[in-house]
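Visitor: I'm new to this one. Could you show it to me and walk me through it?

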Amino acid sequence: MKLNLKLTILFLSIFLFSCQKEKIQYDTKLWYDKPATDWYEALPIGNGTLGAMVYGGITTEQLQLNENTLYSDEPGQRDVKINVAEKLDQVRDLIKNGKLDQVNKIVADEWIGRAQPCYQPFGNLFIKFEHDENVQDYKRELDISEAICRTSYSLEEIEYKRETFASFPDQVIVTNFTSSGKGNLSCTIKLEGAHPTANTKVEGNTIIMDGQAPALALRRSIKKVRDWGQEWMYPELFDEDGNHVPGTETIMYGDKLNGQGTFYQGRLGVVLDGGTLKVDGNKLVISNANEVKIILSGDTSYNGFDKSPSKEGVDPSIVAKEKLENALSKKFGVLKLNHLTDYKNLFDRVGFNLGELSDQGKLPTNQRLKLYNNGKDVSMAALFMQYARYLTIASSRPGGQPINLQGMWNEDIIPAWAGGYTMNINAQIYYWMTESSNLIECTEPFHRFIRELSVNGTKHAKESFGYNGWTAHHNTTLWRSAQPVDNGWCSFWPMAGGWLCQHIWTHYRYTKDVEFLRENWQILKGAAEFLNDWLVLSEQGYYTTPIGSSPEHGYFPEGADYRTPFCEGATMDIMIIKELFTNCIAASEILGIDKGFAIVLKEKLQNMQPYKIGSNGQILEWDKEYKEVDPKHRHLSHLYAFSPGYEITKEKTPELFDAVRRTLEIRGDEASGWSMAWKTCCWARLKDGNHAYKILNNLFVEGSRRKAGLLPNLLASCPPFNIDGNFGAGAGIIEMLLQSHETKTVEEVEIPIIELLPALPDAWGSGEVNGLRAANGFEVDIKWKQGEITQAKIKSLLGEKGIVRYNGEDTILKLKKSETFKLN
């Protein structure tokens, strides 16, 4: 009787809890009533190393696979001899004399390097089912609250269900099939490599797929290389006289290039409940099973950014075998519990809803996207922000690689923009929201990436410039080359190190982790050393850069019929340098080291080239006002000090703050996917929630391979697909709800301002968000109704000071660790 009473109480408690949770109705599912027919419709899963796009097919299921250390080429392969120092003085004279066409030529011919290696696909898993395709009640979904893909349908009164997830704790991809009856599961399983080098065999009940990535995957044609006069950079393709070597191609494998290229292995194992398992060549055939568990593991010979994967690489079979055997020994329920425990520890930190789902919000996701701009589905913004958090967890976990242009999902041997790391906005935008969205652990791969890049960046600074410290340009890959890539229009841009260091400082601002700051001091200092050496005195007596550019944009020099990106002291250069020097000075004081170096930086800071406002009230992008190549250009480089930086604010720099607004008005509201995300962030920082929301709506349209917007799976299209729009827009949504980039001096100490609902759009009249993070280690929950806060909680995780701002009123917080301030 006592036991029954306890069970009754337990059931009642669960029921009441479920009812309570039901009221919140978090919007956390992408779902569809048809299988994916295209990669752009498939659903992404990942564990920070292995990734898959899940199609949810009826008669044939497909998982397109990736492993994020699988790239073409090898370390150092793309490095060439670059000597900037030799002609720097000549270039400075040419700039002063207005001969920018000659500057263009010197940079294009002598100061840039080869194209970057390409991120590679791993393979495909195909599962062909022995049943009819005319099913009923079909549904596929990605539940981002659990990071599980599900497919279900019924056929002849039998219900079929699949669950697929990528487990971080077990480092495998798991797929489990069930049906409502006994013996209804029959299928053939095939694992294929993505390259012609791949071969598949079966040992026992395990499919083993081995392959090797290309030793060269060049995203340029032979003609393009010749047009640019870069034959000398590619000894694999051209002889010393510049003649194309017969039999060589832009994609070549180790058989033609000394055995080079990364090796990889995928392993697949199966566990059945009932039924039989047979081998058919390189496939597994399952008949009449009750339940099927499929485990996939994979690894590559990657052994670090500075080691040859073909000569010094690890044996990928060791890890692949170990992970598979470990996972096969566990029941599906254990694997699922391991996955959910790990994932939900991260995802469940933040909840976000914008009221009850409308009828439109309950439609399949692709239909919601199609109808979104009629204004009847405000909850989609909440789903999208949480989707960005999901994608972060899936593609950026400790020990793995950072997010690349594809996230980690790619089916092409030559992907768009090589699937690398573009560092003049894209690589950084992936991590704009990571700290504020309470996923601090997920920043580790990016911080390690910066440290690794600084190694080759130090070599490049010394050999090409003759300078101290380290630098990098606008692009790199797994192999962390710091030289500029090909295409002189935007590639020579030695400012990437400075921008990357912003993320080190941001992590410190949120965590106040002095040891982290100490571990990364040499990275900050090295980037500042290079830029300190790079500075020169202008004719006006200001410190500026000798040659700069505004990334990927250009202007027409006065009286010229050609365009250039170059000038002395582009605005973004100055903004990055001022920010880096300021942060280094602060870090030096916190750590009590390198005080002499800090004094040098202070002296330079006091005499930096000032920003200029143009005839239309806009911030000038270059040293003077020129005719721009594209006044609506996608990059907002000259707004760096406003967003993602924090130098320009309404209180501290009101004239520049107003100039930011004017600059954005001139740039317009439409652009590429990630550019609209950046604009959303900017308008949020202007405290104009309705304009930020308008631009967000411009992104929330049906995109494609040729149109900016969102794909059916809600991945962002630039076009074509690259993932930065997802993370940038996610950051913009958070900045509409919470900002902590501004500071105020209190008792001679700079304290972050935690501003609540700084840019709430009218459309989000009522809602709730909890678990967001602010600088100085605060965790923030906010509830609002009719645009006004009904309750807010600000919890101090570190015992640091802060200032809460709402509706223009400031409250100074002096909380002890774990204490909470409430605003009702």
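Guide: One term to begin with: helices (H or I, at least four residues) and strands (E, at least two) are DSSP runs, numbered from the N terminus. This is a predicted model, where local features need pLDDT of at least 70 and side-chain atom pairs count only at pLDDT 80 or more, while totals for chains, interfaces and linings use all residues. Residues are numbered from 1 along each chain as its sequence is written, and side-chain values use heavy atoms, with hydrogens and water left out.

Visitor: How many helices and strands are there in the chain?

Guide: Going by those DSSP runs, the chain holds 38 strands, and its helices number 19.

Visitor: What is the radius of gyration of the chain, and what does the globule rule give?

Guide: The radius is taken over C-alpha atoms, and the rule is 2.2 Å times the number of residues to the power 0.38. For 824 residues the rule gives 28 Å, and the chain comes close to that, so it is as compact as a globular protein of that length. The chain's own radius of gyration is 27 Å.

Visitor: What percentage of the residues is buried?

Guide: Buried means under 20% relative accessible area, exposed over 50%, and partly exposed in between (1.4 Å probe, protein chains only). Of the 824 residues in the chain, the buried share is 61%.

Visitor: Is helix α8 enclosed or open?

Guide: Helix α8 covers residues 380-395. Buried residues make up 16 of its 16, so the rest of the structure leaves α8 largely enclosed.

Visitor: Which residues does S436 touch?

Guide: S436 sits in the loop between α9 (426-429) and α10 (444-465). With a relative accessible area of 9%, S436 is buried. Taking contact as heavy atoms within 4.5 Å, and not counting residues up to four places away in sequence, the partners of S436 are Y510, I734, L772 and R773.

Visitor: Is K81 buried or exposed?

Guide: You'll find K81 in the loop between β4 (60-67) and α2 (84-96). Its relative accessible area is 72%, which makes K81 exposed.

Visitor: How far apart in space are K81 and I127?

Guide: In sequence, 46 residues separate K81 from I127. Going C-alpha to C-alpha, the distance in space is 49 Å.

Visitor: And how far apart in space are G592 and Y508?

Guide: G592 is in the loop between α14 (571-591) and α15 (595-605), and at 44% relative accessibility it is partly exposed. G592 and Y508 are 84 residues apart in sequence, and their C-alpha distance in space is 16 Å.

Terms used
The expected span of a helix is 1.5 Å times one less than its number of residues.
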